[in-house]
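Here are some notes for a colleague who is opening this structure for the first time. Please read them with the sequence and the model side by side.

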Amino acid sequence: MTPSQNDASLLTAACRHRQGPPSLAEFVSAAWLPHIRTRKASWKLDESIAKNHILPVFGHKSLDDILEADVQRWLTKLERQNCAPATRNRRFHVLKGIFDLAVERSLLTAAPTRQIRCARVAKTRWPSLDREHLAFLLDVLSRSGRREAKALALLLLTGARKSEILTARWENLFLEENLLLAPRTGAATWRRIWLSPEAVEIFRAIPRQEGSPWIFPGRDMAKPVSDIFLFWKELRAELGLEDLSIRDLRYVFADWQLRSGMSMPTLQRCMGIADARNLNPLLDVSGGSI
């Protein structure tokens, strides 16, 4: 019996037992999870969202008992709990995917999510990731053997500029002091980049290429790697993060440091930013290099 046939038999049994469509929890377990595991690179993240945010609300209900009004009330409650629009949209898209599959499998004639529109997300210069997506992205990067993945993880964990990581030299790395020195542009001074224990472990895991001073050497060992965009472009497409640029990873770091209680002046020094207004998401400030 194939996995799809097995899923069908489980759902059929559930329907006979309930004399109707299965509960959302039964459908998720028997059909939706097996379906996305073979089709989405980010299925673990979708599974986490379903388990932590959807099943506690709708899991006990039969698929045909969940109405559009129920979904609208759920979204309104999330909004009142100050859940960010982007986070609400991600959770809604997972729920919508569950119902769309139920319609495809002829368990419903129409999805209660079909006429609901996503929340509008204001376009700001302050990109971020919620806790689930940040943890998932770091996990994917940590399991990759590519140097590009290690460089991206270091951007998330240090808040350094891309050039500061890609042109880092072994001679300027002091792991015992949790420190990386980066030359300041146009000045004969160094910027101190303090390393978290997680960042230190990443640096320790990078093999040193004999004859190259660069931590991330390019094809020509005498030069550092020129760019990591193509790797990031492919990865973010697989993870559904197409709107997140490499430069945005620096903002993600800043956002989570502020959420953790770091003061703005401390963050400003940590990231080597001359004008603190560049860290204020409420101001439309142009110029400056973050």
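1. A nonpolar core, as the term is used here, is a set of buried Ala, Val, Leu, Ile, Met, Phe, Trp, Tyr and Cys residues joined through side-chain atoms within 4.5 Å, where buried means under 20% relative accessible area, exposed over 50%, and partly exposed in between, with a 1.4 Å probe and protein chains only. The largest such core has 73 residues, and those with the most contacts inside it are L24, F27, W32, L137, L152, L195 and F203. Its largest share, 8 residues, comes from α7. Apart from it lies another core, of 6 residues, among them F253, A254, C270 and M271.

2. On the basis of these notes: the model is predicted, so that local features need pLDDT of at least 70 and side-chain atom pairs count only at pLDDT 80 or more, while totals for chains, interfaces and linings use all residues. Residues are numbered from 1 along each chain as its sequence is written, and side-chain values use heavy atoms, with hydrogens and water left out.

3. Helices (H or I, at least four residues) and strands (E, at least two) are DSSP runs, numbered from the N terminus. Contact means heavy atoms within 4.5 Å. In helix α7 we find A151, which is buried, with a relative accessible area of 1%, and which touches I165, L166, F216 and I228 when residues up to four places away in sequence are not counted. The C-alpha atoms of A151 and F216 are separated by 7.9 Å, although these residues are 65 apart along the chain.

4. Helix α11 (residues 248-259) has 12 residues and reaches 17 Å from its first C-alpha to its last, close to the 16 Å expected at 1.5 Å a residue, the expected span being 1.5 Å times one less than the number of residues. After α11 comes G261, with a positive phi near 105°.

5. M271, a member of the 6-residue core, has its place in helix α12. At 0% relative accessibility, M271 counts as buried. M271 and G159 are 112 residues apart in sequence, yet 6.2 Å apart in space, C-alpha to C-alpha.

6. Two backbone angles deserve a look. Most residues other than glycine have a negative phi. S106, in the loop between α5 (85-104) and α6, has instead a positive phi near 65°, and S106 is exposed, with a relative accessible area of 65%. N178, in the loop between β1 (173-174) and β2 (179-183), has a positive phi of about 55° although it is not a glycine, and N178 is partly exposed at 34% relative accessible area.

7. Which helix gives the most to the lining of the second largest pocket? It is α10, with 4 residues, and α7 and α10 each supply at least two. By class, this lining has 8 nonpolar, no polar and 5 charged residues; Ala, Val, Leu, Ile, Met, Phe, Trp, Tyr, Cys and Pro count as nonpolar, Asp, Glu, Lys and Arg as charged, and the others, Gly among them, as polar.
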